[in-house]
Each structure stands twice: as structure tokens, then as C-alpha cells.
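Could you walk me through this protein model in plain words? I would like a short briefing that I can follow with the structure open beside me.

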Amino acid sequence: MGAVRFTVFLVVSMVIITKVQSNDLAPIPPARAAVESWFQQNIKSTTLNPVLQTAEKNRKEIKVGPGGQFKTINEALKSIPPGNTGRVVINIAKGVYNERIKVERTKPFITFRGEPGTIVQASGTAKQYGTYDSATVDIQGDYFIAAHIIFKNTAPKPTKADAAAQSSAGVQAVAFRIGGNMAAFYSCKFYGYQDTLLDEKGRHFFKSCYIEGTIDFIFGSGKSLYLLSEIHTLKQEWTTVITAQGKVEANEDSGFSFVHCTVTGETPGVTYLGRAWQKMAEVAFLYSSIGNAIHPLAWDAFNKPKTFTFSEFQNTGAGADLKGRAPFMKKLDGPGAKNYLNLGYIQASKWLLPP
């Protein structure tokens, strides 16, 4: 009888394990119209790690803005003790918040939940603070979530003279820096010019977001999945570059996957999808709509040895024609694309929550 129970337990356990694994590895569908239902189905099957389960059980909400407990986001953050073990949702009312914000690593489980018209902005450049510390918002705590917020660095647009003297001009200006692990962004917008979004390190998920800039405006060493998002390059007098990925070593868990994204721009034929900021840079665009802003080469080796991986798979649009692409660009097949086309790319089954 004991053997029978063990057999039944083993079979049931195998079914449960298979279900979790298959959900984690369920590929993002090729049809854009099917992605939302795919996401809803997969997010319901997420098996959160125990620390995050506890944090969600100990959840509380506070409010910033008219009728709330706090007037500023920084005041709300100061009210949260270091080492908090519960989710704290900061509801941020519609309005413009002129603040430079940093969430320290000692404060995990923070959510910024905005409304249509919630804007967080400040001006800061690399000349003033250094590139990384120029960020309007700097998140170092793990398990961060942001939804329905506009993040801006209002520093002025660099000029051609600035570009010519870039080493001394310090024109880089980060709107958002995410260095915490296991972070998710829903329907957020990121505005800046050079170095808009610092995807610094850790696993991150961006869904239905908008990101604009001029040079290297999505950069860093994060391991991130960008889904259903618009990537927009602003007009300028010289070459524009979307990604500067920072993977250094082959065994480093780092890379950017853009799936069902829309790539637009204001100047035809001058934008590169990415350049090899670091020697093992890894970027892929899949099932995305690539507009005519993209240069036929699309990718820049940036004088690095050909140890990086720049890939494309079943993209569409005027800029998606692979004729004329840089010779090192990798045209993915179905099996090769699989790694980039599921939530397992960022181990999301352990931590990803809906907005």
C-alpha cells in the first residue's frame, strides 16, 4: 500500500513539475493579437518564491498627492523602514513631481503605481553627477514594480558641438536606473536623450512601455525582456543608437530581448538597433515592427572583436529587410529564437507579478 501511495505521489509530483516548467517555457506567440491572453494565462501560473509570497501577504498601501499621507515621493519612501519584508504600494496621484529619487538596496518590495498624467522628472547630467548617478529615479531595491508613470530627465538635448567634445561635455542624462533584481514595469514611459534608460543589472520585465532617446538610450548589463513596447529615436544631426548592451563575460547572465516591439524614429536610415558597448553584448529583436529609421546595417561592432551576439527573428516593417545587414548579425531560426521568446529568459515564474 505504501508503494502504491509513493507511486501516486511521484506521478502527481511529475505532473505538477511539468506544468510549472511548461508554463515558464511557453513561447510568446508569433501573433501580436494573441500576446495579451498568453501573458494573462502565464502570469496566473506563476509560482512565487517564498520571500515574495510573504511580502505579498504583508502588503500595505500609502498615497502621495492630494488627499494622501505624503506630498512627495521621497517623503513616502522615508516612511518605509530599511529591511522591510512586506510589499509597500505607493499610489502616486496625477501631477508633476520634481524630484530626484533613490530607492536603496535595503528597501525591497516597493511599488510605484501612478495614474494617467503622473510624471516624475528632474534634470541631471553626467557632468554634474556622473552618468549612473544622473538618474532622475534610481532603483536599487529588489522586487520593484512601476505602473502608469512617466519618468523624465529634463536635461537639454545635446548639440553637435557637445558630441564633438563628448568626453568632456558630460551630456549623458539618465531618466531611470534599475539596478535591483526582479523588477517589472507596466505602461511606463521613459523620456530623455543620451542614456535614457540604464538597465544596469538584474532580471527585468518591461510590458507596454515607451522609451525614447538618441544615443545608447537603453544600456547596461541587465537581463531583460521588453514586450509590446515602443522604442523611439529622436531626430538629431548624426547617428542614433538604441541599445548599448554591457555583457562582459560569456557566462554572465545578461542580455536584452525585444519581442513584439515597435521601433520608430524621426530620421530615416540613421538609427542602429545596437552597438557592442561591451565585448559579449547580447541583443535580440523578434516579431517586432522595425520602421524606416533603421540603418540597413542595423548593428555596430564598435571596434570590438566579434564575440557579441546581435540577432533578429521574423521582424516586419520597412527597416526589417535583412539585405545589407552587418555580416555578423545572426539570423535566428525557430530553435535559436526559443530562448528569447519565453518568460524563462528572465526566470519570471519565480517572481513576476501583474501590475
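Here is a briefing on the strands, the aromatic rings and a few single residues.

This is a predicted model, in which local features need pLDDT of at least 70, side-chain atom pairs count only at pLDDT 80 or more, and totals for chains, interfaces and linings use all residues. Residues are numbered from 1 along each chain as its sequence is written, and side-chain values use heavy atoms, with hydrogens and water left out. Helices (H or I, at least four residues) and strands (E, at least two) are DSSP runs, numbered from the N terminus.

**Strands and sheets**

- Strands of a sheet pair through backbone hydrogen bonds, either parallel or antiparallel.
- Eight strands make up an open sheet with parallel pairing, in the order E3-E6-E9-E12-E15-E18-E21-E24; two strands pair if DSSP finds at least two bridges between them.
- At the edges of this sheet stand strand E3 (95-98) and strand E24 (289-290), and each has a single partner strand, so one side of each is left without a neighbour in the sheet.
- E3 runs parallel to strand E6 (residues 118-122), and four bridges join them.
- Within E6, Gln 121 is the bridge partner of Asn 98.
- Strand E1 (residues 60-64) pairs with strand E2 (residues 88-92) in the parallel sense, over five bridges.
- To get from E1 to E2 the chain passes through helix H4 (residues 73-78), and this β-α-β crossover is right-handed (with the strands pointing away from the viewer, the path from the first strand over the helix to the second runs clockwise).

**Aromatic rings**

- The structure holds 29 aromatic pairs; rings of Phe, Tyr and Trp (its six-membered ring) pair if their centres lie within 6.5 Å, and planes under 30 degrees apart count as stacked, over 60 as edge-to-face and the rest as tilted.
- One of these pairs is Phe 185 with Phe 206: the ring centres are 4.6 Å apart and the planes are at 5 degrees, so the pair is stacked.
- Phe 185 belongs to strand E11 (residues 183-186) and Phe 206 to strand E14 (residues 203-207), so the pair ties together parts that are 21 residues apart in sequence.
- Phe 185 counts as buried, at 0% relative accessibility, and Phe 206 counts as buried at 0% too; buried means under 20% relative accessible area, exposed over 50%, and partly exposed in between (1.4 Å probe, protein chains only).
- Phe 308 and Phe 328 form an edge-to-face pair, 5.0 Å centre to centre with 80 degrees between the planes.
- Phe 308 is in the loop between strand E25 (299-300) and strand E26 (309-313), while Phe 328 is in the loop between E26 and strand E27 (330-331), 20 residues apart.
- Phe 308 is buried, with a relative accessible area of 8%, whereas Phe 328 is partly exposed at 22%.

**Charges over rings**

- The charged end of Lys 207 sits over the ring of Phe 39, 5.1 Å from its centre; a charge sits over a ring if NZ of Lys or CZ of Arg is within 6 Å of the ring centre and within 35 degrees of the ring normal.
- Arg 275 lies over the face of Phe 302, at 4.3 Å from the ring centre.

**A look at His 232**

- His 232 is found in strand E18 (residues 230-233), and counts as buried at 12% relative accessibility.
- Its side chain has a polar contact of 2.7 Å with the side chain of Thr 264 and one of 3.2 Å with that of Glu 266; a polar contact is a pair of N or O atoms within 3.5 Å, and within protein one must be able to donate a hydrogen and the other to accept it, while residues adjacent in sequence count only if both atoms are side-chain atoms.
- Leaving aside neighbours within four places in sequence, the residues in contact (heavy atoms within 4.5 Å) with His 232 include Tyr 210, Phe 217 and Gly 265.

**Residues in loops**

- Asp 333 lies in the loop between E27 and helix H8 (334-337), and is partly exposed at 46% relative accessibility.
- A polar atom of the Asp 333 side chain lies 2.8 Å from the backbone nitrogen of Gly 336.
- Tyr 143 is not a glycine, although it has a positive phi of about 60 degrees.
- Tyr 143 sits in the loop between strand E7 (137-139) and strand E8 (145-147), and is buried at 10%.
- Ser 208, in the loop between E14 and strand E15 (210-213), has a positive phi near 55 degrees and counts as partly exposed at 30% relative accessibility.
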